[in-house]
Each structure stands twice: as structure tokens, then as C-alpha cells.
Amino acid sequence: MNTNRRKTLVIGAAALTGPFFIGSARAQGKKEIKLGQTMPYSGPASAYGTIGKLHQAYFKKINDEGGINGTKVNLISLDDGYSPPKTVEQVRKLVEQDEVDALFQTLGTPSNTAIHKYVNAKKVPHLFVATGATKWNDPKNYPWTFGFNLAYQTEGEIYAKYILKNRPNAKIAVLYQNDDYGKDVLAGLENVLKGDKAKMIVAKATYEVTDATVDSQILTLKASGADTMFNICTPKFSAQAIRRVYDSGWRPPLHIVNNVGASVGSVLIPAGLEKSEGIITVQYYKDESDPVWKDDRAMLEWRGFMGKFYPDGNVNDASNVYGYITAQVMTQVLRQCNGNFSRDNIKKQAESLKDWKSGLLLPGITVNTSATDHGPIDQAQLSKWDGKKWVLFGDVLGGGAA
Amino acid sequence: MVKPTLTPTQIGGMLLLAALACILPFVLSNYQVFQLTMALSYAIALLGLNMLTGYNGQISLGHGAFFAIGAYTAAILMDKANWPYWATIPVAGLVCLLAGFLFGLPALRLEGLYLALATFALGVAMPQILKYKGIEHWTGGSMGVVILKPEPPAGLPLNQDQWLYFFTLFWVVVLFVAAWNILRGRVGRALVAIRDHPIAAETMGINTAIYKSLTFGVSALYTGIAGALAAIGVQFASPDSFNVFLSLSLLVGVVVGGLASISGAFYGALFIQFVPNVADHISKAAPWAIYGVILIAIMYLMPSGVAGLLRRARARFAGKAGNRVVAPAAPAARDDVQLPISGKEAG
């Protein structure tokens, strides 16, 4: 009993005092570059945690190869469980206690919203956040924040330009998720289809993430007589919508599915591969399951990396391709720093990416930033589902209001 | 029955604690002060939940919902109506008092596990309710509400984090003194009597129905105020902040701290604030497994929570010193009564 109690006290004391000591040892001098990130390793979005694990493996590779011109990279990756209060706590730890040089790929729209003001007040580079919202590219009000993903709005603009060019008399029906994400993509569409072209959108319907199905919305849209279906849904609803459109006998000659809802595994297979035939979406990086890239040099290099540094990672998970590209971009920024890893210089280099290419991005797509553009990716290529695989077609397209 | 008052030792201990609480923000970094502020908010929520679960024997798996209501009340009043942050706290409390009382009325018919399930439903539903289109104009839907960080009053030599800490500490003191006054007297005895033997309690003339729904209301009031303080601390409220795990964490905090113990709320709050970080530090691969092991160890080594362990340690220490004047009287009215939850509610 006595020993038990002593143990208890030890554990208790460790539990109470531990957090105050952890990480209090500050880095002396500049022997390493410290990056920090929060990832949803637990909680509802934990599937994306693989991105953080891949990043750690990637920087291990970089360090094994000698680091960035001899300087090692230390990525501190913390779990926030996709809970914004936890993100705030962890990011404050990274900034105030670990004194990271920059934040890299903090994941999630709500999580990044919670720290947006804080990191900009603290002047910490908030690099390449892992979310597609358009608001991250706002250097005027948030000079320290950088997006990465093809912004939802840009994606909407690309579809709109495609429609204008190929089906100028289209009657468009839109189904979108009633939140920032859905409205963002729709805003892109409406940016291009404005003025007298606004009439092209003949019907709009929304659903809530809490809804059970989108069946009634699809029937309403069908009844509008539209000949173009624009599907801005997350995977579960996207699959429902594709299936319902087909089963209701509505065969719109053009069915666009936004990139979020166009995954083969979580959308097209549940919806029915043949029911999905003819669907159009955009892509900006190579699809690891696409046989076209089987012997692609960059893909082989990526597979080699996965085998050697991240053998637990799933080579059929697109997140691992995505994470690899973002880590490459981060590495490029650090190389450009030329030994000066001050926060100011990291920010300056992050906005000085010029036509930078990764072998995993689709050919022709380049990464560009500037002091007035904090969105690295703003191009994509259209892709059509032929019943068995995505087939890229047409040129690489950019956003903008045509 | 005479109300037990504090012994000189206890008063001394509290003064020491108060002094420590006032010094800490000046020796710790701002980030640590922020963590302590969050822990203080959790302590208020845990005290509220402990009234309901520890003293009154009603198990709630959905107190995160009241935490959320309090947080959103404060956030919306500040963001849409431009209220000053300090004025939103009492309103958040009152809104939750009402919500808790109204939820408590039908919940009267439910006991033990059934009540636990009903409250669980509330906790699970809350994040989605907050995204509902009809109230999106106020709640910001899934994007939540961003709050400006309060500035310390002009003239005080404090930074924002230190000021927020003291602001939260003020509410902690007010609410803990209030709880101590409520729980050590007639009301506290009535709550414990209802928990231990509802029929006997009714025979003694206690209006079980009113007491139980009022306890629900007051418990929600505490949790709502905690939610408002936490939201101001984090400067953000969104549906993802108040998932069902928060509700479960609160219950874990109550049990780890010590059921039916006022001081236990602090230990529980430190646990839910810091142990996940410790676990994350020990193992990156399986932090929640480590968390689980720590939890099991605590339950095994401290079956009556941290407060219970300290009480036993104190009693033994006092016994060794040959000083056996450990007040045996009025156990139900003591801050730290150690009564097991009886049969039915133990579920």
C-alpha cells in the first residue's frame, strides 16, 4: 500500500509538473531549422494524419542526406484532434515555447481559422495551410499566411470557363454543401458567369452535412430542365448525387464533380463506376492509382521513398502524394533562404517561388507566389472518368474571371 | 446541525494557494498562463458537473453541450451585439441555467444509465445543431465565430494572457465560494440524500423533482460560464470545438478529481488539460493508449479520485502524529465527503 501510494504520488507529480518542463529547453544558436505543425492524428479527421507522418519521414530523408546546406530540419508535429481550442493551445506552444521558425501545413479550415489572427499578430510564417478555402490567400490583411491547395474559388472558375467555351448555351443546375466550402466553389462559378451569363445557372439547391440524403434536391434540380449538373459535394453526398442523377433517368450531357468529391475509392466505387461514366473534374497532381504514371520517374521516386522512409504509409492514398509535394515546396523555400532562417526571410522566400516544378504535379503546372499572391497552386487540368479511370484532357487551366 | 467551518490549517492552506495563484502568471510564460486559464475554465465546468453527478447522482454524458451553449452565447453577444466580454459571462450562465432546467424537467423520468444516454444524445447532437441553417446567421455555421481578445483595463501592468487569467480566476473564486456555501448546508445534504436513497429523501420532505431539475440547471450554469470563459480564452468558437469527446473528458475529469469533492474539480481540470499533452510527449505513435494507461493507473491507485487520495494521506499523516481530531461529524456536509455512489446510480 505504501509503495503504491508513493508510486501514485510520483505519477501524479509527473502529470502535474511535466508539462511545465517539456520543451522548455530552448534551442541554443541556430543548429537546426525548427518547423511546427498541428495535425489531426486523432479525432474525426484522423485519416489526414498520414500527411503529417509523411512530412516527418520526408524531413528525415532530407536530414539523412545532409539537411538544407548542412542545417538539419526539425519538424515538431503535434496532434490537435481537429479541435480548434487544442489547435490554439498547440500552436501557442510551438510559437512561444518551442520558438519554431515557421508553421507548416497546419491542417483544417476551422483549426486554421482559430489561429489565423494570432500567427499574424506574432509574425510567424504560416505556410501552406492544408485546406482549400480561398481566404488563406489574403496577403493584404494576413501577410504571414499562405495557402497551398488549388483554392475552391479558382476551381469553380476553371469549370465555368470550360462550360463557357464548350457549352455556351448550357443550363446549369448546382448542388452545393451549405458552408464556406460549398459557397466558395459556387462563388468561383459565379465570378465567371456574371452579367447576362448569370442566367445560365437555372437552379441551385443546398444540403446540410447533417442531411441523410440529397434525393429530393436532385429531383428538384432535374425538374428545372437543366442540361448541366454541377456537383459541389463532399464524398458521401457526391456519391449519393451521382447515383441519384443516374437512377432518376436524368442524363445531363455534362456532369461536373468538384475535386473534393471525385475520389475513386470513396465516391465513384460507392456510386457505381459505370454510373459515373463521363463525369468531369479537375486534378493538379498525379493520381497514384492511374496506370499512366506507372513508370513515371517522379512516381517511381515517390514509391521508393515510401518503401524506405514511410513503409507504414498507404501507397494508394492520395494524401501521401499531396504531403510529399508540400514537403518538397517547403524544402525549396528553405533552400532559397540561403542560410538565413529568420522568420522574415522565410516569409520573403515563401513569396518568391517562381515557376517551381515538382515531378508529382501534373506536367505544365507550376508553383508561383509573390508578395501579392499567397496561393502557390492556381492551375489544374480537366479530367474525365471513362468508366475505368480518370483521363486527363485539354490544356492546363488557370482561374481568373475570364 | 452546526455547519462545519474551515480549520485554521485549511484557511492557511487556502491563503497559500491564493498567493500561489497570483504569483504563477508572473513566473510562467504566456503560453503556460493560457494553459492555466483553460484549466481554470475546466475546473468551473467540472465543479458544475460534480454537483450533478458526484453530489446528486445524475450521470451526464452531455455537458459539453452546455459548455458549447455558454461559449456561443458569449461569442455571439460579443461578435454580433458588440457586448463587452465581461458582460457576456453572467448571460451565458443564465442561458445555460434555463437550458439545463428545461432539459432537467423531462430528464426527471430518467435515471441512471437512461439519463446518461439522454444527455449523451444532447452532447452528440450539439455540434450539428450549431451548424443548422436557421441559426447560421448567428453561429457562423461550420465556420464558427472569431472573437477579439480582451485588452486588460488601462493602467494595469498586465498583458492580455495575464489579464484573462485573473479574470477567469475571479470567476473561479466567486463560483467556488458559492458552491461551497450551497453544498455544505441543507441543500448539499438534500442532494446527497436524493443520490443515496431517493425514497427516504422524499419521506423526509425533500421535493425530489424540484431539487433534481434545479441541480441540472445550476450545473449547466457553471458549465456554461466555463464555456464562455474558455471561448474568450481561445478567441474562437466553432462546432468542432465541442464534440462529444469534450463531454466525455468532463466526466473523466470529475471522476479523476474525486466524486462529490469541491477541490477535486481542480485536480480533474489539471488532468484533462495536461495529461493528453504528457501522453503525446511520451508516445507520438499511440498517445491515447498512454492516456488510457494513465487513466487506468489512476482509477486503480486512487479509486476515490485525487481528492480522495489526498484526504486519505492527510488522515494517515494526522493519525501518525497522534492527532486524531479528524472531524467525524456531518460527513455529508463536508466539502470532501467520501460516499460511494449507491447501487442504482453506480451503473
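## Salt bridges in the predicted model

In chain A, R167(A) and D227(A) are joined by a salt bridge whose closest N and O atoms lie 3.6 Å apart. This bridge links distant parts of the chain, since the two residues are 60 residues apart. R167(A) sits in the loop between α5 (152–166) and β5 (172–177), while D227(A) belongs to the loop between α7 (215–223) and β7 (228–232). The structure is a predicted model, and a total of 17 salt bridges is counted over all chains.

The partners in this pair fall into two classes of accessibility. D227(A) has a relative accessible area of 19% and therefore counts as buried, the limit being under 20%. R167(A), at 26%, is partly exposed.

K80(B) forms a salt bridge with D79(B); K80(B) is partly exposed at 38% relative accessible area, and D79(B) is partly exposed at 36%.

Another pair in chain B is K149(B) and D161(B), with the closest N and O atoms 3.0 Å apart. K149(B) lies in the loop between β1 (145–146) and α7 (160–183), and D161(B) lies in helix α7, twelve residues apart. Both K149(B) and D161(B) are buried.

| R167(A) | D227(A) | 3.6 Å |

Key:
Residues numbered from 1 in each chain as written. Chains lettered and ligands numbered in written order. Predicted model: local features only at pLDDT ≥ 70, side-chain atom pairs only at ≥ 80, totals over all residues. Heavy atoms only, no water. Salt bridge = Lys/Arg side-chain N within 4 Å of Asp/Glu carboxyl O. Helix = DSSP H or I, 4+ residues; strand = E, 2+ residues; numbered from the N terminus. Buried < 20%, exposed > 50% of the residue type's maximum accessible area, 1.4 Å probe, protein only.
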